[in-house]
Amino acid sequence: MKSLAELQAIRDKARAQIGLRSEENVEFRVQVGMATCGIAAGARPVLSAFVEEVAKRDLHNVMVTQTGCIGICQYEPVVEVVSADGSKVTYVKMTPEKAVRVVNDHLVNGNVVTEFTIGAGSN
Amino acid sequence: MRELALNVMDIAQNSISAKAALIRISVEEDLEADRLRILVEDNGCGMTPEQVQSVVDPFYTTRTTRKVGMGIPLFKMEAEMTGGSFSIRSEKGKGTSLQAEFVPSHVDMIPLGDIGGVVHLLITCNPDRDFVFLRKKGQREFVLDTRELRNLLGEETPLNAPEVSQWLRDYLKEHMEDIEGGNEI
């Protein structure tokens, strides 16, 4: 079974790559709406998928956080991707599969997945 | 909600909105007494006595985007449905403590679900806050304190670093499986 002692090995490894991660290095903030409306609509597996994929790809420039109700409950699960320059993309009706795509296309390659964004449905 | 763990996530979001620095989550199961107790306690901004009275009312909410707040009323209903109880204590400026007691053998009992997964997400997505998670079932007990993790990791490595996040996910998963006796994921 995993033990706390393993954290020291992780720390030592991380020390070797110091400076890799700090607030200034954060290029994207991924905010997943985790209020009652979001959770009931399935936001947890979406948040899990983001956390999992970002960790798996070892993305140090991405910060995944949770936020409250954004106010568009009918579109939950809602995910906002905020770039370092302050611009924001809002993804709606998200699923874990869509989350993986957003990580790969948007966060890694810089291409917004337009078809999942809030404006896409009205076209 | 399909899992009580999701209610815990929802209630913890209230603590986060209340700017709590430390959030305690306890899930204790007394097999002989047939009781499961969930406690969420924070040192956030707290509430006035009037607010405490009204949070169990679904038509009360502090948010401005809508006129309903379902989180706490839902949790209370789910506990009372099993013949259990619900209570909330809060003091302005000190924090809030919320407790729900369930009767697991009751037909309307909602399964606890993936509580380890929820705690992992809460810690990883709120690296600036501290969490103390206690899970107890019968004689088995597991405690996780993020302050202890922080001490071991040192200041340079945050709790949401990819390596730490993956380690924490597996660590919680293994220990929760151990507590459940390998019957539940």
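Predicted model: local features only at pLDDT ≥ 70, side-chain atom pairs only at ≥ 80, totals over all residues.
1. Start with the contacts inside chain A.

2. Next, the make-up of chain A. Four helices and four strands are present. Their order from the N terminus is α-β-α-α-β-β-β-α. The C-alpha atoms of chain A fill a box of roughly 50 × 35 × 20 Å along the principal axes. Of the 123 residues in chain A, 38% are buried.

3. One helix pair in chain A deserves a look. Helix α3 (residues 43–56) and helix α4 (residues 96–108) of chain A pack at an angle of about 35°. Their axes are 8 Å apart. The crossing of α3(A) and α4(A) is right-handed. On the α3(A) side, the contact is made by A:Pro45, A:Val46, A:Ser48, A:Ala49, A:Phe50, A:Glu53 and A:Val54. On the α4(A) side, A:Pro96, A:Ala99, A:Val100 and A:Val103 take part. By type, the residues of this contact are nine nonpolar, one polar and one charged.

4. Within that pair, follow A:Pro96. This residue sits in helix α4 of chain A. A:Pro96 has 17 inside 10 Å, so A:Pro96 counts as partly exposed. Setting aside neighbours within four places in sequence, A:Pro96 is in contact with A:Pro45, A:Val46, A:Ser48 and A:Ala49. A:Glu53 is 43 residues from A:Pro96 along the chain, and their C-alpha atoms are separated by 10.0 Å.

5. Now the interface. In all, 34 residues of chain A are in contact with 36 residues of chain B. Which elements of chain B supply at least two residues each to the side that touches chain A? They are α1 (4–17), α3 (71–81), α4 (115–125), α5 (146–153) and α6 (162–180). The largest share, ten residues, comes from α6(B). By type, this side of chain B divides into 16 nonpolar, twelve polar and eight charged residues.

6. Turn to α3(B). Its buried residues include B:Gly71, B:Ile72, B:Phe75, B:Lys76 and B:Ala79. Seen down the axis of α3(B), the buried residues fall within an arc of 125°, so they line one face of the helix. What covers them includes parts of both chains: α2 (36–40) of chain A, along with α1, β3 (85–91) and β4 (95–102) of chain B. Just after α3(B), B:Gly83 takes a positive phi of about 90°.

7. Last, a helix pair in chain B. How do α4(B) and α6(B) cross? Their axes come within 9 Å, at roughly 155°. Angles over 145 degrees count as roughly antiparallel, and that makes α4(B) roughly antiparallel to α6(B). The crossing is right-handed. From α4(B), the contact uses B:Ile115, B:Gly116, B:Val119, B:His120, B:Ile123 and B:Thr124. From α6(B), B:Ser165, B:Leu168, B:Arg169, B:Leu172, B:Lys173 and B:Met176 take part. The residues of this contact divide into six nonpolar, four polar and two charged. Both α4(B) and α6(B) also supply residues to the side of chain B that touches chain A.

Notes: Residues numbered from 1 in each chain as written. Chains lettered and ligands numbered in written order. Buried ≥ 20, exposed ≤ 12 C-beta atoms within 10 Å, placed from the backbone. Contact = placed C-beta atoms within 7 Å. Nonpolar A, V, L, I, M, F, W, Y, C, P; charged D, E, K, R; others polar. Arc of directions from axis to C-beta. Axes fitted to C-alpha atoms, helices over the stretch in contact; angles between N-to-C directions. Parallel < 35°, antiparallel > 145°, perpendicular 65-115°, else oblique. Left-handed = near helix turned anticlockwise from the far one by under 90°.
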